[in-house]
Amino acid sequence: MNVLGIETSCDETAAAVVDDERVVRSSIVSSQIDLHARYGGVVPEIAGRAHLELLMPVVAEAMSGAGLERPDAVAATYGPGLIGSLLVGLSAAKALAMSWDVPFVGVNHLEGHLFAPVIEEPALEWPLVVLLVSGGHTLLVQATAPGRYRLLGQTLDDAAGEAFDKVARFLGLGYPGGPAIDRAAKEGDPRAFRFPRAMADEGFDFSFSGLKTAVVRTVERDPGASTPDIAASFQDAVVDVLVTKAARAVADVGARSFCLGGGVAANSLLRLRAPEVGVPTYVPSMAMCTDNAAMVAAAGAFRLAHDGPSPLSLSADPNLSLPWTR
Ligand code: KG4
Ligand code: ZN
């Protein structure tokens with residue numbers, strides 16, 4: 001069963017064909033980073049218009065890459081994300097499904113990220129704990145089986161990726177901030193500054209806004225401070241909290257595997273330290289960490305098999321959360 005997946009929730013225009021829930025036959029991602037970089041962040045209106053221009057060529061490339069004239073179903077992200085961007089992919093997916101006369105299925109972007117390890121790791125064992133860290137979310141999730149999720153903890157303020165982006169902007173490192181800090185940190189000393197590890201010893205929730213403020217205060221007090229040292233010390237604090245809490249969650253729920261997901265999972269220190277949680281750890285490839293449509297197609301195939309097609313009246317939902325079970 002070939003599912004065409006479409007992803008346009010933020011600033012990546014992506015289409016992919018996935019066969020049998022996990023065989024990626026094609027995956028095309030057209031990044032808009034260059035369009036937004038000069039504004040220092042994603043401009044929703046520019047993103048929407050760019051999706052409109054890029055989507056059909058990207059879909060055509062994914063279809064020809066898979067050697068297909070017509071898929072068996074079309075899946076598209078319907079939330080969470082930027083409303084104008086979501087609508088482009090969602091409307092296109094419905095129109096394509098109608099014209100090909102195949103089922104349409106709406107996909108939760110966050111569930112998509114949770115399917116990245118499912119695609120890449122056939123050996124995954126449930127229950128698993130997933131740390132989903134992106135520009136918009138920081139979630140610690142227990143998955144008892146595919147599609148069954150329990151929320152263990154989340155950020156109370158900034159998302160992990162948002163903290164990277166804000167600190168990078170403050171340090172003048174540019175956009176997107178995560179990769180820029182990652183690069184700068186390689187030249188710095190992570191022990192140069194001792195930044196706070198908020199709530200590290202309590203519960204599974206996160207808070208990153210105090211850390212961001214601590215970075216700002218430090219630089220204000222010491223304008224000559226080395227940027228690589230600040231970047232390395234900041235990254236060390238974020239990763240320390242993420243890994244500490246993930247390890248506690250793994251032990252607490254008796255997880256058999258641990259997975260990373262989301263854009264921040266591309267961080268080199270997080271990837272290096274993830275195995276510290278103490279169970280087999282799966283770190284998706286870089287392309288599977290950041291937004292792509294293969295994960296959307298895989299989650300779509302799963303939802304189609306379990307819940308059937310979505311109605312063509314399905315609306316975009318910018319604030320959609322994961323379907324939690326108890
Ligand atoms: O999952 P994603 O591509 O888009 C969202 O759904 O948000 O995640 C993007 C986020 C951005 O905040 C970006 O700065 C961060 O992931 N990111 C990183 C790295 N690469 C991307 N953060 C830390 N280190 C990286 N190497
Ligand atoms: Zn994402």
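How do the residues of the lining of the largest pocket divide into nonpolar, polar and charged? Before I answer, please keep in mind that this is a predicted model, in which local features need pLDDT of at least 70 and side-chain atom pairs count only at pLDDT 80 or more, while totals for chains, interfaces and linings use all residues. Residues are numbered from 1 along each chain as its sequence is written, chains are lettered from A and ligands numbered from 1 in the order in which they are written, and side-chain values use heavy atoms, with hydrogens and water left out.

The lining divides into 16 nonpolar, 18 polar and eight charged residues, where Ala, Val, Leu, Ile, Met, Phe, Trp, Tyr, Cys and Pro count as nonpolar, Asp, Glu, Lys and Arg as charged, and the others, Gly among them, as polar. A pocket here is an open set of points on a 1 Å grid over the protein atoms alone, where a 1.4 Å probe fits, with protein on both sides within 12 Å along at least five of seven lines, and lining residues have an atom within 4 Å of a point. Of its 42 lining residues, C10, S134, G135, G136 and D165 lie nearest the centre of the largest pocket.

The largest share of that lining, six residues, comes from α5, a helix, meaning a DSSP run of H or I with at least four residues, numbered from the N terminus.

Turning to its partner, K166, V167 and F170 in α5 meet K212, V215, V216 and V219 in α7, contact meaning heavy atoms within 4.5 Å. By class, this contact has five nonpolar, no polar and two charged residues.

Terms used:
Helices (H or I, at least four residues) and strands (E, at least two) are DSSP runs, numbered from the N terminus.
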